[in-house]
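Please examine the sequence and the structure shown here before reading on.

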Amino acid sequence: MASVRAKAATGATAVVAVALIAAGLLMLVALRGNLVEQVDLQAEVTARDVAGQLATGTAFDDLDLDRSRPVQVLDADEDRLLAASEGLEAISGTGSDQVTVREEPPARPPGFDDDDDDDDDDEDDGNRLGPGEVDEDIDYADGRATVDGAAGPYRFAVVDVTTPDGTETTVYAGAPAEVEQAALDSVRTSMLVGVPVLLAVVAAITWLMTRRALRPVEGIRREMAAITHSTDLSRRVPEPSVRDEVGRLAVTTNETLAALEASVERQRRFVADASHELRSPIASLRTQLEVGQAHPDLLDLGGAVQDTVRLQDLAADLLLLARLDAGEQPAAGRRVDLAELAREELAQRAALLAAAGVTARTELAEVTVEGSRGQLSRVLGNLIDNAVRHAVGTVRVSLRTEGGAAAVLEVADDGAGVPAGQRERIFERFVRLDDARSRDAGGAGLGLAIARDVAVRHHGTLTVSDAPEGGALFRLTLPVPPPSDPAAPPAAG
């Protein structure tokens with residue numbers, strides 16, 4: 001497969017070749033037209049000079065003819081040579097190839113006898129030249145002639161003229177076309193020699209310039225190949241000092257490598273943290289089962305069930321995160337009543353609230369959004385569980401709209417709150433603050449990470465700030481769709 005340099009050099013050479021050939025052809029046509037016009041002018045001057053002599057009554061044998069140029073004077077039928085220039089040895093391309101006057105015409109040809117005019121002559125008078133007139137129309141013809149032993153191409157001007165005594169004649173006067181041919185041949189030769197040389201120069205320059213321009217790209221390619229074979233994502237491709245297209249490509253490549261390195265590192269950390277979190281309940285469950293097998297009377301069924309539920313919840317969270325990482329989007333067109341969903345989640349946690357001695361206050365406006373009911377339920381459940389875990393005595397859940405375009409769901413508690421420096425970190429996976437770890441040994445640090453990922457997938461946001469109650473305020477903002485057809489499908493579970 002041809003390289004980019006070869007393709008660029010070939011393309012540039014082809015474009016220049018087409019341009020040069022087209023320009024050369026146009027130049028040849030224009031040059032030939034100009035030269036032919038000059039030769040025609042020379043021939044016309046000679047022809048009109050001879051015609052003027054005839055029109056003024058100069059006898060055929062007294063005509064002043066240029067010896068260096070071929071001149072013929074023929075009769076109206078062009079079958080009789082009336083006069084010819086001296087030195088004319090051969091001629092072709094005119095009305096006759098005669099070069100010698102075989103029958104000497106009288107010095108003054110006899111005039112017309114008016115008594116002999118017939119009806120045909122009267123009918124043709126409108127198309128004939130009068131005595132002493134020269135035709136204004138000039139015709140041209142290409143031919144050859146030999147003058148004083150020198151043969152060559154000539155351009156002949158053809159003029160009709162009538163002598164004062166009524167003799168109709170045709171004058172052929174030639175001008176040499178050798179200069180025209182020589183100039184055209186010289187230009188053709190120059191083009192045949194110069195165009196290939198110029199194309200070779202263009203191809204060489206294009207090759208070198210393309211090679212120089214693509215040298216950084218080759219460096220990027222080599223480094224990317226080395227990174228691929230070494231699997232060392234910490235390496236970076238060289239960045240040219242000039243910020244042109246290639247320089248921006250190098251910068252973008254390094255940014256991609258950095259993002260890929262971060263993604264791989266995050267994936268490795270995720271796998272390591274997930275393995276660690278799974279190891280604890282599995283080890284505990286195995287220990288309890290082994291003790292129960294050896295001493296059935298010591299089996300802690302409640303602890304085994306608790307470890308199994310914890311293991312099940314952790315597996316469900318990991319599965320949901322994997323689906324979110326895979327780019328799963330909520331089904332479009334499905335409507336979810338957030339107020340109803342919030343009441344359901346609070347009702348399911350009535351026993352938890354009572355056991356923790358926490359009172360739930362609600363301020364729920366009727367708001368409907370588009371999305372996955374199951375994922376939004378997980379978000380609300382995680383936020384409420386987090387608030388109950390840290391609340392002293394009160395949890396507030398409120399829902400309202402802002403500007404009719406956004407639904408704002410807030411979950412607040414009266415606990416210790418989240419330090420300002422940790423407010424973004426708590427949304428990272430497997431991150432638990434020291435306080436949370438001490439109060440809830442069973443948490444894996446995935447709830448808030450899942451909540452934010454789901455919010456982003458629903459084109460919303462999830463932030464944390466200080467609550468008026470003194471604790472943490474989690475604000476979930478989701479877009480509100482326009483009113484839909486009553487026949488729209490119900491929300492998906």
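## Terms and basis

Two strands are said to pair if DSSP finds at least two bridges between them. Helices (H or I, at least four residues) and strands (E, at least two) are DSSP runs, numbered from the N terminus.

The model is predicted: local features need pLDDT of at least 70, side-chain atom pairs count only at pLDDT 80 or more, and totals for chains, interfaces and linings use all residues. Residues are numbered from 1 along each chain as its sequence is written, and side-chain values use heavy atoms, with hydrogens and water left out.

An open sheet is built from 5 strands in the order 8-10-11-13-12, with mixed pairing. Strand 8 (359–364) and strand 12 (461–466) are the edge strands; each has a single partner strand, so one side of each lacks a neighbour in the sheet. On average, neighbouring strands of this sheet are turned by 15° against each other, direction ignored. Axes here are lines fitted to C-alpha atoms, for helices over the stretch in contact, and angles run from 0 to 180 degrees between N-to-C directions.

Strand 8 pairs with strand 10 (residues 394–402) in the parallel sense over 6 bridges, and Thr359 has Thr394 in strand 10 as its bridge partner. Strand 11 and strand 13 run antiparallel and are joined by 7 bridges; Val411 is bridged to Phe474 in strand 13. Strand 12 and strand 13 are likewise antiparallel, with 6 bridges, and Thr463 has Arg475 as its partner in strand 13. Strand 12 and strand 13 form a hairpin with 5 residues between them, where Gly470 in the turn has a positive phi of about 110°.

## Helices on the mixed sheet

Contact means heavy atoms within 4.5 Å. Helix 8 (residues 373–390) lies across strand 10, strand 11 (406–413), strand 12 and strand 13 (472–479), at about 25° to strand 11. Helix 10 (residues 447–457) lies across strand 12 and strand 13 and runs at about 130° to strand 12.

The axes of helix 6 (residues 338–348) and helix 8 come within 10 Å and cross at roughly 50°. Helix 6 is therefore oblique to helix 8; angles under 35 degrees count as roughly parallel, over 145 as roughly antiparallel, 65 to 115 as roughly perpendicular and the rest as oblique. The residues of this contact of helix 6 with helix 8 comprise 7 nonpolar, 2 polar and 4 charged. Ala, Val, Leu, Ile, Met, Phe, Trp, Tyr, Cys and Pro count as nonpolar, Asp, Glu, Lys and Arg as charged, and the others, Gly among them, as polar.

## The antiparallel sheet and its helices

A further open sheet has 6 strands in the order 2-1-6-5-4-3, with antiparallel pairing. Its edges are strand 2 (81–84) and strand 3 (88–92), each with a single partner strand, so one side of each is left without a neighbour in the sheet. The twist averages 30° from one strand to the next. Helix 1 (residues 4–55) packs on this sheet, touching strand 1, strand 4 (139–147), strand 5 (150–162) and strand 6 (168–176), and its direction makes about 45° with that of strand 5. Strand 1 (residues 71–75) and strand 2 run antiparallel and share 3 bridges, with Gln72 opposite Ala84 in strand 2.

Helix 1 also packs with helix 3 (residues 178–230) at an angle of about 160°, their axes 9 Å apart. Helix 1 is therefore roughly antiparallel to helix 3. The contact of helix 1 with helix 3 has 26 nonpolar, 4 polar and 5 charged residues.
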